[in-house]
Amino acid sequence: MSIYRDLDITMKKHPGNKDVMRKTDVNSVRFALRNIFMSNQLEKPFEPLFGLGLRNYLFENYSPAFANVLKRKCIEMISIYEPRVIVDDLKVFMDDSNNLDIELWFHIIADPEPYNLNINLERGR
């Protein structure tokens, strides 16, 4: 039995019952975390502070101090908007061509098994 269930944002039909597909358990949590990282503030109605807006950080000058600030912001957003998750580790990487990679290790409160989520953003030309 699934503990967590969310609707799949693609709104694809389930082949068996023709209902909207769902994301369950860890996939549901991963999807919610990705939403937090990729949403910009003011995008979500009635939640103006929701979202980290990672795309806005693609052109920042990378330094260890910047990585620390971004790491703290990520952990803060997760603690506010995703109470099902406990962050074990979060790493921020950026290279010379302004590609941003975030590696998140977490576990779900109802499940002690560790999971990870990798988010890779590349600058488009």
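Predicted model: local features only at pLDDT ≥ 70, side-chain atom pairs only at ≥ 80, totals over all residues.

## A loop, then some rings

Now check the backbone of Phe46: phi is near 70°, a positive value in a residue other than glycine. Most residues other than glycine have a negative phi. Is Phe46 buried or exposed? With 84% relative accessibility, Phe46 counts as exposed, because the cut-off for that label is over 50%.

Next, select Leu42, which sits in the loop between helix 1 (25–38) and helix 2 (64–81). Leu42 is not a glycine, yet its phi is positive, at about 75°. Its relative accessibility is 69%, so Leu42 counts as exposed.

Now show the side chains of Lys44 and Phe50. The charged end of Lys44 sits over the ring of Phe50, 4.3 Å from the ring centre.

On to the aromatic pairs: the whole structure has four of them. One of these joins Tyr57 and Phe66 in a tilted arrangement, with 6.0 Å centre to centre and 50° between the planes. Tyr57 and Phe66 are both buried, and Phe66 has a relative accessibility of 12%.

Tyr62 itself counts as partly exposed, at 37% relative accessibility.

For the last stop, show Tyr57, Tyr62 and Phe66 together: ring pairs link these residues into a cluster.

How values were computed
Residues numbered from 1 in each chain as written. Heavy atoms only, no water. Helix = DSSP H or I, 4+ residues; strand = E, 2+ residues; numbered from the N terminus. Buried < 20%, exposed > 50% of the residue type's maximum accessible area, 1.4 Å probe, protein only. Phe/Tyr/Trp six-rings, centres within 6.5 Å; stacked < 30°, edge-to-face > 60°. Lys NZ or Arg CZ within 6 Å of the ring centre and 35° of its normal.
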